[in-house]
Structure formats: C-alpha cells, structure tokens
Amino acid sequence: GICSKYTTDGYHAGAYSVTLPFSSAPNGVEWTWQQCAKECASRAVDVCTYWTLQLNGNKHCLLMTNKGAYSDTGGHVEGDRDLDCLEPDTPPGAWRFRWSDEFDATD
C-alpha cells in the first residue's frame, strides 16, 4: 500500500495524545510527513487516529485523537492513521541492500 496524507494544508482541532518535538525526529532537525505518519501508525489506535505535522513554528509532529473542526490556516500536513505508513522510508523502485550470508566464505 501507499502511505497517505490529506490534500489540505490546515489542521483539525482534536485531543493531543503525544507531542513529538522536532528534536526527536530521526535527523534531529525536522520531521517528514512520512515519519510523522509512521509514528501515528505505530501507536495504538486509542493513542492516534490522525496526525498533524506543523511545517512552521514548533515543527511538532502531533499524534491526535477526537478529530474536530478544521482550520484552513496553511502550514500543516495531516493524515489518518494508516498502517501502510509502517513501511520503510524507501521510495518505490529504490535499490535496497541487505547483508546476507550468501557471500560468506564458510560452507
């Protein structure tokens, strides 16, 4: 499957379950929407039913429940909890290398 997000760029009011600061992103600088979506998908559904990534300001990845009213403010990426987002961050068609014992000298 394909990890999905909304086409809108505002945010929905809701209950803030987990606030992940930019400093806890994999690169320590900022979250990608795919990484934020993966955080949501990896939590229980009662912790995260949708996620919001702030593109400006605090740049928090917010794991949310109880989706409410939409604010068309811009500066956000959002999506529903999507188990397809648990896939690796490898784009389609990219090469993946894994260590294997195929080339070990041992028999």
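In the predicted model, strand β3 (residues 50-54) is mostly covered, five of its five residues being buried; strands here are DSSP runs of E of at least two residues and helices runs of H or I of at least four, numbered from the N terminus, and buried denotes under 20% relative accessible area (1.4 Å probe, protein chains only). Y50, T52 and Q54 point one way from β3, while W51 and L53 point the other way, and all are buried. Residues are numbered from 1 along each chain as its sequence is written. Local features need pLDDT of at least 70, side-chain atom pairs count only at pLDDT 80 or more, totals for chains, interfaces and linings use all residues, and side-chain values use heavy atoms, with hydrogens and water left out.

β3 pairs with strand β4 (residues 61-65) in the antiparallel sense over four bridges, pairing requiring at least two DSSP bridges between two strands. The bridge partner of T52 in β4 is L62, and that of Y50 is M64. Six residues lie between the strands in the β3 and β4 hairpin, where G57 takes a positive phi near 60°. β3 also pairs with strand β6 (residues 76-80), in the antiparallel sense over five bridges; in β6, D80 stands opposite Y50.

The four strands form an open sheet of order β2-β4-β3-β6 with antiparallel pairing. β2 (15-20) and β6 stand at the edges with a single partner strand each, so one side of each is left without a neighbour in the sheet. Neighbouring strands of this sheet are turned by 20° against each other on average, direction ignored; axes are lines fitted to C-alpha atoms, for helices over the stretch in contact, and angles run from 0 to 180 degrees between N-to-C directions. Helix α1 (residues 33-41) lies across β2, β3, β4 and β6 and runs at about 150° to β3, contact meaning heavy atoms within 4.5 Å.

Key. Buried means under 20% relative accessible area, exposed over 50%, partly exposed in between (1.4 Å probe, protein chains only).
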